[in-house]
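Keep the sequence and the model in view while reading.

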Amino acid sequence: LCYTALFHGSRLLAFVGTLVALTIAWLAARIAADDVPTAFAVVTPTVLLDVVLVYVCRIIAGFSRSEDARNEVDPVTGLLTRASFYERASALLGARNRNDDRYLVVAEVTIDNLTAVAGVHGPRAGNRARVEVGQALRETVRRDAILGQLDEGDFLIADAFTTPDPSPLVERLRGAIAATPSGITASIGVISTPLGPLADQPPYAVLDQVIALATEAMADARRGGGNQAHYRRNQNLTLDEPGS
């Protein structure tokens, strides 16, 4: 019963708990046939002990899940951490094949002048800007898109598109960020690359390169004055062949 409470869900716990209750009730009935006070004296502490142990185990399991969740998401924005982003994006890449005619699109979004905002208005203003950008991302990108927090003011988006040009979505995102209550803007670097040629490539190596290219494009957008997006469409990657 305690093992189930620690490592399994509520449905299995309810099933096992029912079996335990029926077993205790059957044993109690057999003992009560000869001596009711003894049956009561045996069953009562057994039931109470089981209830307490299950309660404690569920609390421990809850703390463990909460710790795992904290490690997976940024505590301010609630977006995936870099490690979790890589894990989810790798799963996206793992579903590809040589005949896949879609495109991997990765965008890096950086808040313009976040340091200045925090310096003038304090850390709370910086955190508020990050929260607003995170919310703008959630509300604008597609449901299956993978969202991550790369650094304090840097965000990542990964998704699979049927076209190498994600500019309509990216421009909506740029406008959504500019419309946030904080009045902040963002520089966005975007790369799209065919998924088919990546079929035999290690996912983490692919992600390292596309993120590096997206970072370069984002830097170009910042040098251009910010509040704009720079694209590298239909980019061919230069990864080594497997085993080389």
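## Two loop residues

Asn227 lies in the loop between helix H8 (203-223) and strand S5 (229-232). Helices (H or I, at least four residues) and strands (E, at least two) are DSSP runs, numbered from the N terminus. The model is a predicted one, where local features need pLDDT of at least 70 and side-chain atom pairs count only at pLDDT 80 or more, while totals for chains, interfaces and linings use all residues. Residues are numbered from 1 along each chain as its sequence is written, and side-chain values use heavy atoms, with hydrogens and water left out.

Most residues other than glycine have a negative phi. Asn227 is not a glycine, yet its phi is positive, about 55°. Its relative accessible area is 31%, so Asn227 is partly exposed; buried means under 20% relative accessible area, exposed over 50%, and partly exposed in between (1.4 Å probe, protein chains only). Asn113 also has a positive phi, near 60°, and is a residue other than glycine. Asn113 sits in the loop between S1 and helix H5 (114-121), and counts as exposed because its relative accessibility is 54%.

## The chain as a whole

The chain has eight helices and five strands. Along the sequence they follow the pattern α-α-α-α-β-α-α-β-β-α-β-α-β.

Of the 244 residues, 39% count as buried. Among contacts (heavy atoms within 4.5 Å) with a separation of 6 or more, 74% are between residues 24 or more positions apart.

## Salt bridges

Side chains of opposite charge can pair when their charged atoms come close. A salt bridge is a side-chain nitrogen of Lys or Arg within 4 Å of a carboxyl oxygen of Asp or Glu, and the structure holds eight of them. One of these joins Arg130 and Asp74, with the closest N and O atoms 3.2 Å apart. Arg130 belongs to helix H6 (residues 123-140) and Asp74 to the loop between helix H3 (36-72) and helix H4 (82-94), so the pair ties together parts that are 56 residues apart in sequence. Arg130 is buried, with a relative accessible area of 7%, and Asp74 counts as buried at 13% relative accessibility.

Another salt bridge brings together the side chains of Arg233 and Asp165 (3.0 Å, N to O). Arg233 is in the segment after S5 and Asp165 in the loop between S3 and H7, so this pair connects parts 68 residues apart in sequence. Arg233 is partly exposed, with a relative accessible area of 43%, and Asp165 is partly exposed at 31%. Arg232 forms a salt bridge with Glu216, the closest N and O atoms being 2.8 Å apart. This pair links distant parts of the chain, with Arg232 in strand S5 and Glu216 in helix H8, 16 residues apart. Both Arg232 and Glu216 are in a network of salt bridges that also includes Asp220 and Arg223.

## Nonpolar cores

In soluble globular proteins, nonpolar side chains tend to be buried together. A nonpolar core is a set of buried Ala, Val, Leu, Ile, Met, Phe, Trp, Tyr and Cys residues joined through side-chain atoms within 4.5 Å. Which residues touch the most other members of the largest core? They are Val109, Leu137, Ile157, Ile177 and Ile188, in a core of 25 residues. S1, H6, S3, H7 and strand S4 (186-194) each give two or more residues to this core.

Leaving aside neighbours within four places in sequence, Ile188 is in contact with residues including Val109, Leu173, Met218 and His230. A second, separate core has 22 residues, among them Ala89, Leu195, Val206 and Ala214.

## One cavity

On a 1 Å grid over the protein atoms alone, a cavity is a set of points where a 1.4 Å probe fits but cannot get out; lining residues have an atom within 4 Å of a point. Grid points are joined across faces, edges and corners, and a volume is the space filled by probe spheres set on the points. The count is one cavity of 30 Å³ or more, and the largest cavity has a volume of about 90 Å³.

Strand S1 (103-111), strand S3 (154-161) and helix H7 (167-178) each supply at least two residues of the lining of the largest cavity. S3 gives the largest share, four residues. The lining residues include Val105, Ile157, Asp159 and Leu173. By class, 11 are nonpolar, none polar and one charged, where Ala, Val, Leu, Ile, Met, Phe, Trp, Tyr, Cys and Pro count as nonpolar, Asp, Glu, Lys and Arg as charged, and the others, Gly among them, as polar.

Technical notes
On a 1 Å grid over the protein atoms alone, a cavity is a set of points where a 1.4 Å probe fits but cannot get out, and a pocket is an open set with protein on both sides within 12 Å along at least five of seven lines; lining residues have an atom within 4 Å of a point.
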